[in-house]
Amino acid sequence: MLMMDIPSPTNQGESVELICSYELDEDKLYSVKWYKDDVEFYRYVPNDWPPGQFLPLQGVRVDLSKSGSQSVYLRNVDLNSAGVYRCEVSAEAPEFQTVEAEKEMKVLVLPTEGPRIIGGLPKYRVGDTVSVNCTSSSSKPAATLNWYINDEIITGKRESGYQTEQFTVHHSNGLESSSLSLKFVVREHHFRGGNMKLKCTATISRVYTMSNEELVFRQQNSGLQILENASRVRNSCSRPICSNFLQIVAIYFLLKRFSEILVRSLRTMKSCNLAV
């Protein structure tokens, strides 16, 4: 009877204990051997000295002081530690009965920071097009990204009015990054209290979830309308009626000036006649 326990998934940098429990009944234990991807890395033989022995293997760092006949302790696991582990238990002669079991161990490399949002503007008007992109930090496996508008998840289906596109970047160190774009036309219902919240979440299995969000504001159209009205007023001066109006005003001021001069002249002449 054999029972095996392999913690999976586990995070890079952690230490884990692989357990191989067995019952030999009337038999005596001859050996316990551990394999990763069919390559032996640890054996426990009671009649040897020392009974526990480690065989070097990349990604497998055995702590002999914590390992024994029914478990093996691995320190500081990394991506190379991931794989299929097998425990093989053999009894002494004359039966030499052997039983074995195997399980896979997955190693996760979690992102060191939350997702990044780029391409957004601080203000939008109804009718504007929003085009933003969310990128996760490097990890293994790549994070699953989702967009939310005002805390409502975006499906990306064509009939929903939202366009999304996702792709994965594979880095030379074995890690991966996800990117998810979002494009849509701003509608009246997108603003709540004059604001619209864009949020992107990054999730890996059930062990990691982080998010980033941006709060954008509604840009009012009143200022634009005032500028347009002013432009119309300025442009209207190029019409013939405006030109005629300016000519009339100029003639008015000339006539007014001429009348003032004429009045002063008449007063001067009257004063001269009285003096004579």
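Predicted model: local features only at pLDDT ≥ 70, side-chain atom pairs only at ≥ 80, totals over all residues.
I looked up arginine 218 to start, and it forms a salt bridge with glutamate 188, the closest N and O atoms being 2.5 Å apart. (A salt bridge here is a side-chain nitrogen of Lys or Arg within 4 Å of a carboxyl oxygen of Asp or Glu.) The pair links distant parts of the chain, 30 residues apart: arginine 218 is in strand β19 (residues 208-218) and glutamate 188 in the loop between β17 and β18. Strands are DSSP runs (E, at least two residues), numbered from the N terminus.

Residues are numbered from 1 along each chain as its sequence is written, and side-chain values use heavy atoms, with hydrogens and water left out.

Next I checked aspartate 78, which forms a salt bridge with arginine 61, closest N and O atoms 3.0 Å apart. Aspartate 78 lies in the loop between β7 (71-74) and β8 (83-91) and arginine 61 in the loop between β6 (52-54) and β7, so the pair ties together parts 17 residues apart in sequence.

Buried or partly exposed, I wondered about aspartate 78? Aspartate 78 is buried, at 18% relative accessible area, while arginine 61 counts as partly exposed at 26%. (Buried means under 20% relative accessible area, exposed over 50%, partly exposed in between, with a 1.4 Å probe and protein chains only.)

Last entry: how many salt bridges does the structure hold? I found 10.

Note on methods:
Helix = DSSP H or I, 4+ residues; strand = E, 2+ residues; numbered from the N terminus.
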